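The sequence and the structure come first, and the description follows.

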Amino acid sequence: MPTVRIPTPLRKFTQGKEEVSIAGANVRELLANLEVAYPGIKERICDDAGAVRRFVNVFVADEDIRFLENLDTAVRDGDEVSIVPAIAGGR
Amino acid sequence: MPSFQDLLATVKSRIREISVEETKARVLDAPGGPVLVDVRERDEYEQGYIPRAQWIPRGFLELKIEEAVPEREREVILYCAGGTRSALAAAALHELGYQRVSSMAGGFRAWKNAGYAFDRPRALSPEQVKRYSRHIMLPEVGEAGQAKLLDAKVLFLGAGGLGSPSSLYLAAAGVGTIGIVDDDVVDESNLQRQVLHNIERLGMPKVESARKTLQLLNPDVQVHAHRTRLSSENVMEILAGYDLVIDGADNFPTRYLLNDAALKLRKPVIHASIFRFEGQITTFLPDSGPCYRCLYPDPPPPGMAPSCQEAGVLGVLPGLVGTMQANEAVKVILGVGETLSGRLLVFDALGTKFRTLKLRKDPGCRVCSKHPSEIELIDYEAFCSI
């Protein structure tokens, strides 16, 4: 199964886990299954229409899915999927 | 016993000489060509040198050439004042195994007589030569690089967690002009990570405390305190006085405003942000690579940003991340190495894990795809965020 890296601000949904294994053939399936396993998390990543929010990026391996096939980007076993939201802290 | 003239004649018959015209064409007009080495003494070098030349005085040539030119097959052109010392130096490099060495006939005098351009190094004081000696020893920095650092003007957004280590290291490195924007005062809860300040500075404006600390560390540094918050009203005027910005702001409105204003003014931004145990770092260059909005087109609405109650940050995290910002800034100033432009470095302090993700310039980016004059600055409503 692919591994999903959970960013610090969303770890409250995964009981603090920084990495979870989630099934899915593409990013869309993977995010749907992530919501089933950890309810509430998807709303923080996707908007009401299901698109990835504009202050969040999803990377498969080290590539941004916006420059691949977006939510249809294929995910293979062993791939690392990173969710990277904008954070503003500096102090 | 041979005379000096005999020796010189023998050496010149063995080595290759190259004209100033050919040197100019091969070294200045075609990048990636031969390495040009100035073998004269300090006082001669200070009067002027050929652009792109590395300076290794004759007496240090054999000691330092392997560091400056590790590949024995790389072509090297040596010059001195008139072409004699460089001929002897070429013979010495042959003996060290350098196969393609030539001496520039007529030396720097012939270069000047041909009317070709030359640069003058910024003369470092004896105190500066001592203070920055560990930099000057590095071929990637040298005296010319140190002069670039001394001439550099860097603006820090925030004298807090990220601004503390980045400004301390850049002041130590000899960045000559440092500006700091911050409207806050020093509070006890800052001292767990904001190493610019100390208990004697409680209640003092952070910009003032930062100025004191940085000037005690390095009197070469001029510190300009901007005790204000960036807005569309003042951002252009403040940024205009600097070459590069270190973004250590603590809120989204300032970060987006900075991105857009820096693109208008064509200034590089070294970006970093931190949250609890996690940091993100990248470099935004105005003429290549993505900008902050290519990465995150719009700021999150208030309800979607992590709330203030969730705040908290491991004290050493900004130390690590801010120091990496300083490293990026030094490379941009010196023009050496490879920056994080086009790469987002994500650091997880709990797992001590670094991940590098690829960033791309968005051809449809509604800010960096525009002509700088058409970029309009936006003051997003400030909201509680971290």
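Predicted model: local features only at pLDDT ≥ 70, side-chain atom pairs only at ≥ 80, totals over all residues.

The side chain of Glu22(B) meets that of Arg26(B) in a salt bridge, with 3.7 Å from N to O. Both residues belong to helix H2 of chain B, where they are four residues apart, or about one turn of the helix. Arg26(B) also counts as partly exposed, its relative accessibility being 27%.

## Another pair in chain B

A salt bridge also links Arg58(B) with Glu62(B), and here the closest N and O atoms are 3.4 Å apart. Arg58(B) has a relative accessible area of 22% and is therefore partly exposed, while Glu62(B), at 31% relative accessibility, counts as partly exposed too.

## A pair in chain A and its network

Over all chains, the count of salt bridges comes to 30. In chain A, one of them is formed by Arg5(A) and Glu18(A), whose closest N and O atoms are 3.9 Å apart. Arg5(A) lies in strand S1 (residues 3–5) of chain A, whereas Glu18(A) lies in the loop between S1 and strand S2 (19–21) of that chain, so the pair ties together parts that are 13 residues apart in sequence.

Are these two partners buried or exposed? Arg5(A) has a relative accessibility of 3% and counts as buried, because buried means under 20% relative accessible area; Glu18(A), with a relative accessible area of 22%, is partly exposed. Through salt bridges that share partners, Arg5(A) and Glu18(A) are joined with Glu19(A), Asp348(B) and Lys353(B) into one network.

## The largest pocket

The volume of the largest pocket is about 1,100 Å³. Its lining is made up of 42 residues, and those closest to the centre of the pocket are Ala53(B), Gln54(B), Trp55(B), Pro139(B) and Gly142(B). Sorted by class, the lining has 25 nonpolar, ten charged and seven polar residues.

Several elements of chain B each supply at least two residues of this lining, including helix H2 (20–28), strand S2 (35–38), strand S3 (54–55) and helix H4 (61–68). Helix H9 (142–151) of chain B is also among them, and the largest share of the lining, five residues, comes from H9(B).

Notes: Residues numbered from 1 in each chain as written. Chains lettered and ligands numbered in written order. Heavy atoms only, no water. 1 Å grid on protein atoms, 1.4 Å probe; cavity = no way out; pocket = protein on both sides within 12 Å on 5 of 7 lines; lining within 4 Å. Points joined across faces, edges and corners; volume = space filled by probe spheres on them. Nonpolar A, V, L, I, M, F, W, Y, C, P; charged D, E, K, R; others polar. Salt bridge = Lys/Arg side-chain N within 4 Å of Asp/Glu carboxyl O. Buried < 20%, exposed > 50% of the residue type's maximum accessible area, 1.4 Å probe, protein only.
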